Amino acid sequence: MAENIRVDFNKPSLMGNEMAYIQEAIERRHISGDGTFTKRSQEYLQQALGVPRALLATNCTHALEMAALLLDIQPGDEVIAPSFTFVSTINAFVLRGAKPVFIDIRPDTLNLNEQLLEERITSRTRAILPVHYAGVGCEMDTIMEIANRRQISVVEDNAHGLFGKYKSRFLGTFGALATQSFHETKNITCGEGGALLINDPQYIDRAEILREKGTNRSRFFQGMVDKYTWVDIGSSYVLSDILAAFLFAQLEVSAQIQEKRKRIWNFYDQHLHAWGKAQNVQTPFVPEHCEQPSHMYYLLMPSLKIRQAFIARLREQGIYTVFHYLPLHLSNMGMEYGGKAGDCPVTEDVSDRLVRLPFYNSLTEEEQSLVIEAVTNFCL
Ligand SMILES: Cc1ncc(COP(=O)(O)O)c(C=O)c1O
């Protein structure tokens, strides 16, 4: 292998008109929130996904916090989430006083195991938070049937899954609310950014208030009130139009971005799927009825020890791979809520063994070949 190789895990790139639109935002003299590019991005998401309202937010974490506020989560309410997820999924609800209830994941898709859902529901359960891991849809038919029957709200954490589909329907369009991330590791990005998708229109008006510091500023700008004032609790969740300009430039070429990423995902899978089978290394599983948006490619190594050796070995060769998530039920906070080893065995196992390969829009076939060579040369 050639010397001085470096394949990063993630690398930002310009995909279209990012710089021109940032300049345009400045020339329009509107670089705070709710400018032209915020509106264009929101309209784009609404049309592309067919959701009644999409609101840009500073990040997915804040969109989740808005969801918890909109559902009026109160101290003592219980909220069910997979243990195998990013902290923000549940922390947004714990901030309102909710008690987290963690459930295990399916060993195939690494999504919340819908078969375990019903037994964790109590009279205090207020929300279920399916996370579409790697943009592969959770079993939404079962989850929505249970949630509707038990009158529990569903908030989809779709941080990974923009443009993914479950049974031909876009992820993020099932729950009353859903959240997106435009963090730099995501397919479509503006560095830090997010969106709240509102599928149940009863939440639209209040969402506009919450994000504007608890004021009816949006209604003022729409000419619906003659002055704006403090009407509810809230915070500042609007995205600067500079970032929205960057984001819109990526959204408008999202079809090309998705095509590029599909090629990258397929190239990994073509070269690693059979190798993985032979080596007892699990590669991503996508059920027939799901369309995944090529967000990530991961391997499940046979053990923690092998995973750590693998990451170190590839790093020596200039190839950067990462692992995530540490089981939330075993985190300091999770244990304060009663979490203990053995509660979510699949999560505990997967968390030790998962490793993500370099994946970004400008990853070349040459770079990918270096990664594949390093992976398949690693002696298990
Ligand atoms: C499943 C999940 N939810 C939420 C987040 C938080 O996203 P953000 O960084 O946009 O706040 C992440 C971060 O990557 C995530 O993986």
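Biologist: Where does serine 294 lie?
Modeller: Serine 294 sits in the loop between β10 and β11. Keep in mind that this is a predicted model.

Biologist: Is serine 294 buried or exposed?
Modeller: Buried. Its relative accessible area is 3%, and the cut-off for buried is under 20%.

Biologist: What is its phi?
Modeller: Serine 294 has a positive phi of about 55°, although it is not a glycine.

Biologist: And arginine 29, what about phi there?
Modeller: Positive again, about 60°, and arginine 29 is not a glycine either. Arginine 29 is in the loop between α1 and α2.

Biologist: Buried or exposed?
Modeller: Arginine 29 counts as exposed, at 78% relative accessibility.

Biologist: Now helices. How many residues of α3 are buried?
Modeller: Nine of the 11, over residues 60–70, so α3 is largely enclosed by the rest of the structure.

Biologist: Which ones are they?
Modeller: Cys60, Ala63, Leu64, Glu65, Met66, Ala67, Ala68, Leu69 and Leu70. Note that Glu65 is on that list.

Biologist: What covers them?
Modeller: The cover includes strands β1 (53–57), β5 (153–157), β8 (177–181) and β9 (194–198). Helices α4 (87–94) and α7 (204–210) are also part of it.

Biologist: What caps the N-terminal end of α3?
Modeller: Asparagine 59. A side-chain oxygen of asparagine 59 lies 3.2 Å from the backbone nitrogen of threonine 61. Just after α3, aspartate 72 takes a positive phi of about 55°.

Biologist: Next, α9. How many of its residues are buried?
Modeller: Nine of 11, so to speak mostly covered. The buried residues are Asp241, Ala244, Ala245, Phe246, Leu247, Phe248, Ala249, Gln250 and Leu251.

Biologist: And what covers those?
Modeller: The covering elements include α1 (18–27), α2, β1 and α10.

Biologist: Which residue caps α9 at the N-terminal end?
Modeller: Serine 240. Its side-chain oxygen is 3.1 Å from the backbone nitrogen of isoleucine 242.

Biologist: You mentioned α2. At what angle do α2 and α9 pack?
Modeller: About 40°, with the axes 7 Å apart. Here α2 spans residues 36–49 and α9 spans residues 241–251.

Biologist: Left-handed or right-handed crossing?
Modeller: The crossing of α2 and α9 is left-handed.

Biologist: Which residues meet there?
Modeller: From α2: Thr36, Phe37, Thr38, Arg40, Ser41, Tyr44 and Leu45. From α9: Asp241, Ala244, Ala245, Leu247, Phe248 and Leu251. The contact divides into eight nonpolar, three polar and two charged residues.

Biologist: Switching to aromatics. How many pairs are there?
Modeller: The count comes to 16 aromatic pairs, taking ring centres within 6.5 Å. One of interest for geometry is tryptophan 265 with tyrosine 297: centres 5.3 Å apart, planes at 70°, so the pair is edge-to-face.

Biologist: Where are those two in the chain?
Modeller: They are 32 residues apart, and the pair links distant parts of the chain. Tryptophan 265 is in helix α10 (residues 254–279). Tyrosine 297 is in the loop between β10 (290–291) and β11 (298–300).

Biologist: Are they buried or exposed?
Modeller: Tryptophan 265 is buried, and tyrosine 297 is too.

Biologist: Which residues do ring pairs link into a cluster?
Modeller: Phe84, Phe86, Tyr133, Tyr298 and Tyr325.

Biologist: Tell me about phenylalanine 86. Where does it lie?
Modeller: Phenylalanine 86 is in the loop between β2 (78–82) and α4. It is partly exposed, with a relative accessible area of 48%. Leaving aside neighbours within four places in sequence, phenylalanine 86 is in contact with Tyr325 and Leu328.

Biologist: What separates the C-alpha atoms of phenylalanine 86 and glycine 175?
Modeller: 19 Å, with the two residues 89 apart along the chain.

Biologist: Last one. Where is serine 218?
Modeller: Serine 218 is in helix α8 (residues 217–221). At 9% relative accessibility, serine 218 counts as buried.

Biologist: What does its side chain make a polar contact with?
Modeller: The side chain of glutamate 208, at 3.3 Å. Beyond neighbours within four places in sequence, serine 218 is in contact with Asp34, Glu208, Arg211 and Glu212.

Methods: Residues numbered from 1 in each chain as written. Predicted model: local features only at pLDDT ≥ 70, side-chain atom pairs only at ≥ 80, totals over all residues. Heavy atoms only, no water. Buried < 20%, exposed > 50% of the residue type's maximum accessible area, 1.4 Å probe, protein only. Helix = DSSP H or I, 4+ residues; strand = E, 2+ residues; numbered from the N terminus. Contact = heavy atoms within 4.5 Å. Polar contact = N/O pair within 3.5 Å; in protein donor to acceptor, adjacent residues only side chain to side chain. Axes fitted to C-alpha atoms, helices over the stretch in contact; angles between N-to-C directions. Left-handed = near helix turned anticlockwise from the far one by under 90°. Nonpolar A, V, L, I, M, F, W, Y, C, P; charged D, E, K, R; others polar. Phe/Tyr/Trp six-rings, centres within 6.5 Å; stacked < 30°, edge-to-face > 60°.
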